[in-house]
Amino acid sequence: MLRQFYIKKAMNKFIFLLLVVLVVPISSLAQLRHTLYGNVGYTFSPDIELGRGEVKKSRGTMLTLGGRWRIFTYKKTEMEIGLAAKSVLASGLIDDRSFRAATLRMAVPIRVAVPINNLWGVSGSFVFQNNVDFRALDLRLRDKYSWRVDFLTEANYQLNDRWSMSAGLSLNLRQIPDSYFVNDPKISILFGIARRINLKKKKP
């Protein structure tokens, strides 16, 4: 029952933020260069401490849904900026007592994608996100550790003109207190899918 409560609580927050995130791409479908994407993954922290105790078996599952907009192209290299909703269901042991936590974050990726050939490519993203859970849209912008920065590197496979798949590894870059990693661990292994929307129509 407790697990269901946390899942329901996280999903309610996730749906709310996702609706906010998708307002911009949905309202501008008349333009080109948009991508909708989603990632699922396993997230964990090798060694973190909370107070005088060690957090053991810190791990969780995460889901990210959002949109990206291409802002720059040089030859075949693309630069994009995005906005996404990220939900994490974390668990672990503190002083040998188990805990579960559900959190919702907003993520802003800045991504550079480089094709290798017609099917494969690689990309790197700096992902900026708020470092506290959303409660009444409290972003705590003045807090010293209010923002977190991750680096995500991915291998991308192009299924067709619209659809692509990816696999990647995300690592936290910023030195912040371990307490912030209880709800959102340091390292993530991700698998994703993306779809370009409103492509240019070929001339007859």
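**Strands, turns and charged pairs**

Lys75 is found in the loop between β3 and β4. Strands such as these (E, at least two residues) and helices (H or I, at least four residues) are DSSP runs, numbered from the N terminus. The structure is a predicted model, in which local features need pLDDT of at least 70 and side-chain atom pairs count only at pLDDT 80 or more, while totals for chains, interfaces and linings use all residues. Residues are numbered from 1 along each chain as its sequence is written, and side-chain values use heavy atoms, with hydrogens and water left out.

Let us stay with Lys75. The hairpin of β3 and β4 has 2 residues between the strands, and Lys75 takes a positive phi near 55 degrees there. Lys75 counts as exposed, because its relative accessibility is 70%; exposed means over 50% relative accessible area, buried under 20%, and partly exposed in between, with a 1.4 Å probe and protein chains only. A positive phi, of about 50 degrees, also occurs at Lys57, although Lys57 is not a glycine. Lys57 has its place in strand β3, which covers residues 53-74. With 55% relative accessibility, Lys57 likewise counts as exposed.

The strands can now be put together. Two strands pair if DSSP finds at least two bridges between them. Strands β3 and β4 run antiparallel and are joined by 17 bridges; in this pairing, Thr64 stands opposite Lys86 of β4. Strand β3 is also joined to β1 by 11 bridges, again in antiparallel fashion. Within that pairing, the partner of Val40 in β3 is Leu63, and Tyr42 stands opposite Thr61. Strand β2 (residues 48-50) runs antiparallel to β3 and is joined to it by 3 bridges, with Ile48 opposite Val55.

Ser58 has its place in strand β3. Is Ser58 buried or exposed? Ser58 is buried, because its relative accessible area is 2%. Apart from its neighbours within four places in sequence, Ser58 is in contact (heavy atoms within 4.5 Å) with residues including Thr43, Phe44, Ile48, Ser91 and Phe181.

Val40, Tyr42, Leu169, Leu171, Ile189 and Phe191 make a nonpolar surface patch of about 520 Å². Patches are made of residues with over 30% relative accessible area and no salt bridge; like charges are joined within 9 Å, and nonpolar side chains (Val, Leu, Ile, Met, Phe, Trp, Tyr) within 5 Å. The areas come from the Shrake-Rupley method with a 1.4 Å probe, and for residues only the protein chains shown count as cover. At least two residues of the nonpolar patch come from each of β1 (34-44), β8 and β9. One of the patch residues, Leu171, lies in strand β8 and counts as partly exposed, because its relative accessibility is 38%.

The charged pairs complete the picture. Side chains of opposite charge can pair when their charged atoms come close. A salt bridge is a side-chain nitrogen of Lys or Arg within 4 Å of a carboxyl oxygen of Asp or Glu, and by this rule the count comes to 9 salt bridges. One of them joins Arg70 and Glu78, at 3.5 Å from N to O; both residues are buried.

Lys86 and Asp184 meet in another salt bridge, at 3.2 Å from N to O. This pair links distant parts of the chain, 98 residues apart, since Lys86 is in strand β4 (residues 77-94) and Asp184 in the loop between β8 (163-172) and β9 (187-197). Lys86 is buried, because its relative accessible area is 5%, and Asp184 is buried at 1%. Asp184 also forms a salt bridge with Arg105, with the closest N and O atoms 3.7 Å apart. Arg105 lies in strand β5 (residues 97-115) and Asp184 in the loop between β8 and β9, so the pair ties together parts that are 79 residues apart in sequence. Arg105, too, is buried, with a relative accessible area of 3%. Through shared partners, salt bridges join Lys86, Arg105, Arg148, Asp150 and Asp184 into one network.
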